[in-house]
Amino acid sequence: MTELGALGWLFLVVAFGAIVPIVPTGAAVSGAAALAFHQHPLLIVLTIAAGAAGAYVGDLVMYAMCRAGGESLARRLRWLRDEEHLAAVKERLTKSQVPVLLVSRLLPGGRVPVLLAAAFLGLPWRTFVVANAPACLLWSAVYAGIGVAGGSIFPEPWQGVLAAIILVVIVGQAVSLINKRRARAAEEAPQPGETAA
(Lines give C-alpha, C1' and ligand atoms only; values in the text may rest on other atoms or scores of the structure.)
Protein backbone atom coordinates (compact mmCIF):
# COMPACT_ATOMS: atom_id res chain seq x y z
CA MET A 1 0.00 0.00 0.00
CA THR A 2 1.30 3.46 -0.85
CA GLU A 3 1.78 6.19 1.73
CA LEU A 4 -1.16 8.16 0.31
CA GLY A 5 -3.34 5.06 0.47
CA ALA A 6 -2.38 4.53 4.11
CA LEU A 7 -3.17 8.18 4.90
CA GLY A 8 -6.52 7.79 3.16
CA TRP A 9 -7.31 4.76 5.31
CA LEU A 10 -6.27 6.68 8.43
CA PHE A 11 -8.64 9.51 7.45
CA LEU A 12 -11.51 7.03 6.97
CA VAL A 13 -10.82 5.14 10.22
CA VAL A 14 -10.67 8.35 12.26
CA ALA A 15 -13.77 9.82 10.59
CA PHE A 16 -15.69 6.59 11.20
CA GLY A 17 -14.40 6.43 14.78
CA ALA A 18 -15.58 9.97 15.43
CA ILE A 19 -19.10 8.89 14.47
CA VAL A 20 -18.94 5.43 16.08
CA PRO A 21 -17.07 6.19 19.33
CA ILE A 22 -15.97 2.59 19.98
CA VAL A 23 -13.20 2.79 17.35
CA PRO A 24 -9.85 3.73 19.02
CA THR A 25 -9.01 6.71 16.83
CA GLY A 26 -6.19 8.00 19.05
CA ALA A 27 -4.43 4.65 18.81
CA ALA A 28 -4.81 4.72 15.02
CA VAL A 29 -3.12 8.13 14.78
CA SER A 30 -0.38 7.11 17.22
CA GLY A 31 0.32 3.87 15.37
CA ALA A 32 0.43 5.64 12.01
CA ALA A 33 2.80 8.29 13.39
CA ALA A 34 5.10 5.63 14.87
CA LEU A 35 5.25 3.93 11.47
CA ALA A 36 5.79 7.27 9.70
CA PHE A 37 8.70 8.05 12.02
CA HIS A 38 10.62 5.11 10.58
CA GLN A 39 9.81 5.95 6.97
CA HIS A 40 10.06 9.72 6.43
CA PRO A 41 9.62 12.74 8.75
CA LEU A 42 7.27 14.47 6.28
CA LEU A 43 4.85 11.58 6.69
CA ILE A 44 4.42 12.53 10.36
CA VAL A 45 3.05 15.93 9.31
CA LEU A 46 0.75 14.27 6.77
CA THR A 47 -0.36 11.78 9.44
CA ILE A 48 -1.30 14.66 11.74
CA ALA A 49 -3.20 16.32 8.87
CA ALA A 50 -5.05 13.11 7.92
CA GLY A 51 -5.96 12.40 11.55
CA ALA A 52 -7.17 15.95 12.13
CA ALA A 53 -9.17 16.00 8.89
CA GLY A 54 -10.81 12.66 9.71
CA ALA A 55 -11.67 13.80 13.22
CA TYR A 56 -13.06 17.08 11.90
CA VAL A 57 -15.26 15.49 9.26
CA GLY A 58 -16.48 12.83 11.71
CA ASP A 59 -17.31 15.47 14.31
CA LEU A 60 -19.24 17.52 11.74
CA VAL A 61 -21.28 14.47 10.75
CA MET A 62 -21.98 13.57 14.38
CA TYR A 63 -22.89 17.17 15.22
CA ALA A 64 -25.25 17.36 12.23
CA MET A 65 -26.88 14.08 13.23
CA CYS A 66 -27.39 15.30 16.80
CA ARG A 67 -28.76 18.66 15.66
CA ALA A 68 -31.20 16.95 13.28
CA GLY A 69 -32.17 13.93 15.39
CA GLY A 70 -31.97 15.42 18.87
CA GLU A 71 -31.85 13.46 22.09
CA SER A 72 -34.02 10.62 20.79
CA LEU A 73 -31.49 9.79 18.05
CA ALA A 74 -28.61 10.07 20.52
CA ARG A 75 -30.37 7.58 22.82
CA ARG A 76 -31.05 5.14 19.98
CA LEU A 77 -27.41 5.25 18.87
CA ARG A 78 -26.31 4.91 22.53
CA TRP A 79 -24.37 8.16 22.45
CA LEU A 80 -26.38 9.50 25.38
CA ARG A 81 -25.59 7.48 28.49
CA ASP A 82 -25.14 9.80 31.45
CA GLU A 83 -27.74 12.57 31.50
CA GLU A 84 -26.46 14.06 34.79
CA HIS A 85 -22.98 14.45 33.30
CA LEU A 86 -24.56 15.92 30.16
CA ALA A 87 -26.34 18.57 32.25
CA ALA A 88 -23.02 19.60 33.83
CA VAL A 89 -21.39 19.79 30.40
CA LYS A 90 -24.26 21.94 29.10
CA GLU A 91 -23.70 24.34 32.01
CA ARG A 92 -19.95 24.59 31.29
CA LEU A 93 -20.64 25.02 27.59
CA THR A 94 -23.03 27.95 28.16
CA LYS A 95 -20.34 29.73 30.21
CA SER A 96 -17.38 29.20 27.85
CA GLN A 97 -18.06 27.59 24.49
CA VAL A 98 -14.73 27.66 22.67
CA PRO A 99 -12.44 26.53 25.54
CA VAL A 100 -14.76 23.62 26.38
CA LEU A 101 -14.81 22.52 22.73
CA LEU A 102 -11.01 22.76 22.53
CA VAL A 103 -10.37 20.72 25.65
CA SER A 104 -13.07 18.12 25.03
CA ARG A 105 -11.11 16.33 22.30
CA LEU A 106 -8.08 15.85 24.53
CA LEU A 107 -9.95 14.18 27.38
CA PRO A 108 -10.74 10.51 26.84
CA GLY A 109 -14.52 10.24 26.84
CA GLY A 110 -14.91 14.03 26.82
CA ARG A 111 -15.70 14.63 23.17
CA VAL A 112 -19.07 12.88 22.88
CA PRO A 113 -20.76 14.59 25.86
CA VAL A 114 -19.55 18.00 24.66
CA LEU A 115 -20.75 17.35 21.10
CA LEU A 116 -24.13 16.24 22.41
CA ALA A 117 -24.44 19.20 24.75
CA ALA A 118 -23.46 21.62 21.98
CA ALA A 119 -26.00 20.11 19.60
CA PHE A 120 -28.81 20.02 22.15
CA LEU A 121 -28.13 23.62 23.21
CA GLY A 122 -28.24 24.69 19.57
CA LEU A 123 -24.67 26.00 19.48
CA PRO A 124 -24.36 27.94 16.20
CA TRP A 125 -22.74 26.03 13.34
CA ARG A 126 -20.21 28.80 12.82
CA THR A 127 -18.97 28.59 16.42
CA PHE A 128 -18.73 24.81 16.26
CA VAL A 129 -16.98 24.74 12.88
CA VAL A 130 -14.40 27.35 13.92
CA ALA A 131 -13.69 25.98 17.42
CA ASN A 132 -13.58 22.34 16.38
CA ALA A 133 -10.86 22.78 13.73
CA PRO A 134 -8.01 23.65 16.14
CA ALA A 135 -9.33 21.08 18.62
CA CYS A 136 -9.02 18.31 16.03
CA LEU A 137 -5.58 19.50 14.94
CA LEU A 138 -4.34 19.66 18.53
CA TRP A 139 -5.80 16.21 19.27
CA SER A 140 -4.12 14.68 16.22
CA ALA A 141 -0.78 16.32 17.05
CA VAL A 142 -0.86 15.03 20.64
CA TYR A 143 -1.60 11.45 19.59
CA ALA A 144 0.95 11.63 16.78
CA GLY A 145 3.48 12.84 19.36
CA ILE A 146 2.77 9.76 21.45
CA GLY A 147 3.35 7.64 18.35
CA VAL A 148 6.60 9.39 17.48
CA ALA A 149 7.81 8.89 21.05
CA GLY A 150 7.04 5.18 20.78
CA GLY A 151 8.63 4.97 17.34
CA SER A 152 11.82 6.69 18.48
CA ILE A 153 12.36 4.33 21.39
CA PHE A 154 12.23 1.11 19.41
CA PRO A 155 14.36 0.17 16.40
CA GLU A 156 11.65 -1.75 14.54
CA PRO A 157 8.54 0.03 13.22
CA TRP A 158 6.14 -2.63 14.50
CA GLN A 159 7.56 -2.28 18.01
CA GLY A 160 6.96 1.49 17.95
CA VAL A 161 3.40 1.02 16.67
CA LEU A 162 2.66 -1.55 19.38
CA ALA A 163 4.22 0.65 22.09
CA ALA A 164 2.21 3.68 20.92
CA ILE A 165 -1.06 1.75 20.94
CA ILE A 166 -0.37 0.29 24.40
CA LEU A 167 0.55 3.74 25.75
CA VAL A 168 -2.65 5.29 24.39
CA VAL A 169 -4.75 2.51 25.92
CA ILE A 170 -3.00 2.85 29.30
CA VAL A 171 -3.41 6.65 29.38
CA GLY A 172 -7.07 6.36 28.35
CA GLN A 173 -7.80 3.76 31.01
CA ALA A 174 -5.98 5.77 33.69
CA VAL A 175 -7.96 8.93 32.89
CA SER A 176 -11.20 6.93 32.82
CA LEU A 177 -10.40 5.39 36.22
CA ILE A 178 -9.60 8.82 37.71
CA ASN A 179 -12.86 10.26 36.34
CA LYS A 180 -14.87 7.35 37.78
CA ARG A 181 -13.26 7.81 41.20
CA ARG A 182 -13.99 11.54 41.14
CA ALA A 183 -17.60 10.90 40.16
CA ARG A 184 -17.97 8.32 42.92
CA ALA A 185 -16.44 10.70 45.48
CA ALA A 186 -18.78 13.48 44.34
CA GLU A 187 -21.80 11.19 44.72
CA GLU A 188 -20.74 10.13 48.23
CA ALA A 189 -19.99 13.69 49.40
CA PRO A 190 -22.83 15.37 51.32
CA GLN A 191 -24.76 17.87 49.23
CA PRO A 192 -25.13 21.49 50.40
CA GLY A 193 -27.96 21.70 52.90
CA GLU A 194 -27.66 18.04 53.90
CA THR A 195 -26.64 17.16 57.42
CA ALA A 196 -24.52 14.17 58.32
CA ALA A 197 -26.54 11.38 59.94
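1. The structure holds 1 cavity of 30 Å³ or more, where a cavity is a set of points on a 1 Å grid over the protein atoms alone at which a 1.4 Å probe fits but cannot get out. The volume of the largest cavity is about 30 Å³; a volume here is the space filled by probe spheres set on the points, with grid points joined across faces, edges and corners.

2. A word on the basis of these values. This is a predicted model, in which local features need pLDDT of at least 70 and side-chain atom pairs count only at pLDDT 80 or more, while totals for chains, interfaces and linings use all residues. Residues are numbered from 1 along each chain as its sequence is written, and side-chain values use heavy atoms, with hydrogens and water left out.

3. Which residues line the largest cavity? They are D59, L101, S104, R105, R111, L115 and N132, lining residues being those with an atom within 4 Å of a point. Helix 5 (97-104) and helix 6 (111-121) are the elements that give two or more residues to this lining. Helices are DSSP runs of H or I with at least four residues, strands are runs of E with at least two, and both are numbered from the N terminus. By class, the lining has 2 nonpolar, 2 polar and 3 charged residues. For these classes, Ala, Val, Leu, Ile, Met, Phe, Trp, Tyr, Cys and Pro count as nonpolar, Asp, Glu, Lys and Arg as charged, and the others, Gly among them, as polar.

4. Two of the lining residues deserve a look as a pair. The count of salt bridges is 1, a salt bridge being a side-chain nitrogen of Lys or Arg within 4 Å of a carboxyl oxygen of Asp or Glu. It joins the side chains of D59 and R111, at 2.8 Å from N to O. Distant parts of the chain are linked by this pair: D59 sits in helix 3 (residues 41-76) and R111 in helix 6, 52 residues apart. Side chains of opposite charge can pair when their charged atoms come close.

5. Are the two partners buried or exposed? D59 counts as buried because its relative accessibility is 0%, and R111 is buried as well, with a relative accessible area of 12%. The scale runs as follows: buried is under 20% relative accessible area, exposed is over 50%, and partly exposed lies in between (1.4 Å probe, protein chains only). Over the chain, buried residues make up 37% of the 197 residues.

6. On the overall fold, the chain comes to 8 helices and 0 strands. From the N terminus, the order of elements is α-α-α-α-α-α-α-α.

7. The unreviewed UniProt entry lists residues 42-66, 136-154 and 160-178 as "transmembrane region"; positions are in the numbering used here, feature names are shortened, and annotations may be inferred rather than shown by experiment. In the model, the span 42-66 is 100% helix and 0% strand, and its end C-alpha atoms lie 36 Å apart.

8. L101, another residue of the cavity lining, is in helix 5. L101 is buried, with a relative accessible area of 2%, and its C-alpha atom lies 6.8 Å from that of V114, 13 residues apart along the chain. Q97 also belongs to helix 5, but counts as partly exposed at 31% relative accessibility.

9. A135, in helix 7 (residues 125-153), is buried at 0% relative accessibility, and its C-alpha atom is 9.4 Å from that of A55, 80 residues apart along the chain. I19, in helix 1, is partly exposed at 21% relative accessibility; the C-alpha atoms of I19 and L60 are separated by 9.1 Å, at 41 residues apart along the chain.

10. Please look at the second largest pocket too, with a volume of about 210 Å³. A pocket is an open set of points with protein on both sides within 12 Å along at least five of seven lines. Of its 12 lining residues, E3, A6, A32, L35 and Q39 are the closest to the centre. Helix 1 (3-19), helix 2 (25-39) and helix 3 each give two or more residues to the lining, which divides into 8 nonpolar, 3 polar and 1 charged.

11. Last, the cysteines. A search of the whole structure finds 0 disulfides, a disulfide being a pair of cysteine sulfur atoms within 2.5 Å. C66 is buried, with a relative accessible area of 1%, and C136 is buried with a relative accessible area of 1%.
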